[in-house]
Amino acid sequence: MARKNVFANITSPSNEGTERKATPGYATHGASRSMISSLSELREKVTRAEQQVPGETIIELDPELLESSFVSDRIGVDDIAYTELLEAIRERGQDTPIQVRPHPTTDGRYQIVFGHRRARVAKDLGRPVRAVVKAISDADHVIAQGQENSARENLSFIERAMFAQRLVELFYERATIQTALSVDAPMLTRMLSVSGRVPAEIANAVGAAKSVGRDRWTEFAQQIERPTTLELARTLLNEPAFSSLASDARFEFLAKGIRKAAKPSKRPSNACEWCADDSSVRAEFKGSGKSYSIALKANDAGRFGRFIAENLGRFHQEFLKSTET
């Protein structure tokens, strides 16, 4: 029973039971002394393991030594969310370390794999940032970055789609991109069908648009690939009202402007009127192309209309003579 209590105390946060005290001189020599020493080391290792990412050592780094990832997976900055994070770290400290890797080209510097906002908070607060340093390849970098950020905070559809597009442009294989985003091949194809048609300048101007899903972005992408619509969208970006809106509202602003422009415009009316000197008869004329109509408005419109019909032959001959001259 004594041995059982000794091992139970190794991982227990506090000694809840009655601990048997060693008698004087009991653990001062021989096998007993070696056992107690080994158990003490094990206890220290368990304590350290609880404070670090499995398999990695957490160290403190100067934020000035950090550089951003070589590929961005976010669009814009959520000021409200960042302020909440800053206040939380100010009060409680940085609970979760970021991950960095030794900079691939500059000695003594590091490249952030994930945790950009936590690194920015540490810099703004004038504190060192707690980080795990791990030498990894570019491919493992983007996989870790994509999976960590997707798990920590759901990125919007357009953020994920544009991240995938950037990885394609960096010549990463689709299997790597699928792993980074935790999506299957059909979903990746849908993402790229949007990001391949929506220019980065427009996506960045709109922002994350958290509430806008795949279907609406797909419809927008189909419209924006028309040159006239793309030019219209670029014009709308410069409207003062656009820049004053939140991200979701910016998308709505562009979508509404495009829908309005797509509606067929009403043909201008070619109608004109004639009125007799005594105002007893009014006539309205409408004509476009090969069609022309006359509408008579008067008490005796019927009789006047029949008179015109009976004299159409004469009117036509006069018309021909006038064109000849």
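Buried means under 20% relative accessible area, with exposed over 50% and partly exposed in between, using a 1.4 Å probe and protein chains only. The model is predicted, so local features need pLDDT of at least 70 and side-chain atom pairs count only at pLDDT 80 or more, while totals for chains, interfaces and linings use all residues. Residues are numbered from 1 along each chain as its sequence is written, and side-chain values use heavy atoms, without hydrogens and water.

**Overall**
- The chain has 15 helices and eight strands, taken as DSSP runs (H or I, at least four residues; E, at least two) numbered from the N terminus.
- Of the 325 residues in the chain, 32% are buried.

**Helix α10**
- In α10 (residues 214-224), the buried residues include Trp217, Phe220, Ala221, Gln223 and Ile224.
- They lie on the same side of α10, because their arc around the axis is only 160°, taken from the directions from the helix axis to the C-beta atoms.
- Cover for the buried residues of α10 includes α6 (157-169), α8 (185-195) and α13 (247-262), where contact means heavy atoms within 4.5 Å.
- Among the residues that Trp217 touches, leaving out those up to four places away in sequence, are Phe157, Val194, Val198 and Phe251.

**Nonpolar cores**
- A nonpolar core is a set of buried Ala, Val, Leu, Ile, Met, Phe, Trp, Tyr and Cys residues joined through side-chain atoms within 4.5 Å.
- The largest has 40 residues, of which Val198, Ile202, Trp217, Phe220, Ile224 and Leu254 touch the most other members.
- Helix α6 gives the most to this core, with seven residues.
- A second, separate core of ten residues includes Val100 and Ala119.
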